[in-house]
Amino acid sequence: MISKTHNFLNDQIRKQFDWIFHARNRRNVHRCPLTPAKKNDHDNAILGSKKLGNYVATLSVDFLFIVLPMLLIFTVLADWVYMFVIPMMVLVFSVVTANRFDASNYPGGPLSLRTNVSSYRVLMMIITFLCILAVDFKIFPRRHAKTETYGTSLMDLGVGSFIFANALVSRQARSVSSANWKAAVQSTSPLLLLGFARLLTTRSVDYQVHTGEYGVHWNFFFTLAAVSILTSIIKIPPQYSGIFGVAILIGFQYWLSHGLNVYLLSDERGTDILSKNKEGIFSILGYWGLYLVGVQLGYYLFFGNSSTTAFRTIKWARVRVSFISLVFWLVTVLLDRHVERVSRRMCNLAYVTLVLAQNLQVLAILMLSDFTAGSKISALEEALNRNLLGSFLLANLLTGLVNLYVDTLFIPSLSALAILLAYAYSLSIITGIAGFYGVKLKFW
């Protein structure tokens, strides 16, 4: 789990908060039932406010030990990242080696698997909302920014990782019967509305949009909606969706290698909608193939049918996730050298295998945390996991506001870091408070 990296440092603080919560709960349980209702209402209001204050304090501790280190590594400490990664890897593998013979003492099975997948999805979201604003400042290394045509970078993985993370735990991967196509269109209508809302707002405020990414009018929300609609209309059993997805990806790559890549990477655009948004529209095939492969991986690794679910233990999944990640890394190298280089802009086959390899590798590393004892999920992780899409929308809104009122390219590094800290902290607290009050936003 993400939180396991900092529980040793803030465990005592958490114990104090837990003691306060339990003490107050005991006080409420033993309160005299004959106490006047008016007094009870007043006391409950005060108690609720105090609980919220303690919860915000807990979120703040989580922010300091989870989000802040990531932000620093992506910005001011980017050139020294290996100095932190290598000792951390040595520490992790030392702990794993020391405890691997005692692995039976730690929980495994479906609950542990769900926790690992949730932690992976939250980690992906934290990196996403940090990078989408940090990239606008000079404090963010250019090597991490999106590539123009071919190549790989940290931010190139964002869109593919988001789609893959949704596919792993999707209704299709869990063998939950999907609705008909009309219900599918209705359920994705909020994504379409968000796509049009983003288009209108960026046009109305003259917000800078790089047309080489998706096109003139297209954006990420339209891609999400298109993948969701296609998956709902063309229903494929999860145990065969990966095969169908691979067939789509191979066919799309064949089309790219025979002239479509030249068309998509050219700066020439016609007057029709297809030509103006060629990158976004054609890349749907790649993202749909990625989603279908993710569905079968989720089904195979974590869910499966009722007769095999019992065998989806953490040990079983950990070995297979690591092995499949290694296979995708090898395939990515071969495709990049002998077929076509990785291109996020076209979502070609090499890009899809790169996304699969990278995300499965992160998931496999997170699974090693089951060898550490005395850890629990943090409040921030739980809040983000409930509202992944909501936190993503809020991050986009805050990013747009910052870009409207701040000249990000010319702001000093210290001021940029302060803005990023305020942005990340505000996003964490708002998402946490939304979770505290049970607010949940989910379209897909």
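**Figure 1. Salt bridge between Asp79 and Arg143.** At 47% relative accessibility, Arg143 counts as partly exposed in this predicted model. The Arg143 side chain meets that of Asp79 in a salt bridge, with an N to O distance of 3.6 Å. Asp79 sits in the loop between α2 and α3 and Arg143 in the loop between α4 and α5, so the pair ties together parts 64 residues apart in sequence. Asp79 has 58% relative accessibility and counts as exposed.

**Figure 2. Salt bridge between Glu213 and Lys146.** The side chains of Glu213 and Lys146 meet at 2.2 Å, N to O. Glu213 belongs to helix α7 (residues 211-214) and Lys146 to the loop between α4 and α5, 67 residues apart. Glu213 is buried at 19% relative accessibility, whereas Lys146 is partly exposed at 30%.

**Figure 3. Salt-bridge network of Arg269, Glu279 and Arg345****.** The closest N and O atoms of Arg345 and Glu279 are 3.2 Å apart. This pair links the loop between α12 and α13, which holds Arg345, to helix α11 (residues 278-302), which holds Glu279. Arg345 is buried, with 6% relative accessibility; Glu279 is also buried, with a relative accessible area of 1%.

**Figure 4. Packing of helix α5 on helix α13****.** Helices α5 (residues 157-168) and α13 (residues 349-367) pack at about 65°, with their axes 10 Å apart. The crossing is right-handed. Among the contacting residues are Leu157, Phe164 and Leu168 in α5, and Tyr351, Leu356 and Leu363 in α13. By class, the contact of α5 with α13 has 10 nonpolar, 4 polar and no charged residues.

Notes
Residues are numbered from 1 along each chain as its sequence is written. This is a predicted model: local features need pLDDT of at least 70, side-chain atom pairs count only at pLDDT 80 or more; totals for chains, interfaces and linings use all residues. Side-chain values use heavy atoms; hydrogens and water are left out. Axes are lines fitted to C-alpha atoms, for helices over the stretch in contact, and angles run from 0 to 180 degrees between N-to-C directions. Helices (H or I, at least four residues) and strands (E, at least two) are DSSP runs, numbered from the N terminus. A crossing is left-handed if the near helix is turned anticlockwise from the far one by less than a right angle, and right-handed if clockwise. Contact means heavy atoms within 4.5 Å. Ala, Val, Leu, Ile, Met, Phe, Trp, Tyr, Cys and Pro count as nonpolar, Asp, Glu, Lys and Arg as charged, and the others, Gly among them, as polar. A salt bridge is a side-chain nitrogen of Lys or Arg within 4 Å of a carboxyl oxygen of Asp or Glu. Buried means under 20% relative accessible area, exposed over 50%, partly exposed in between (1.4 Å probe, protein chains only).
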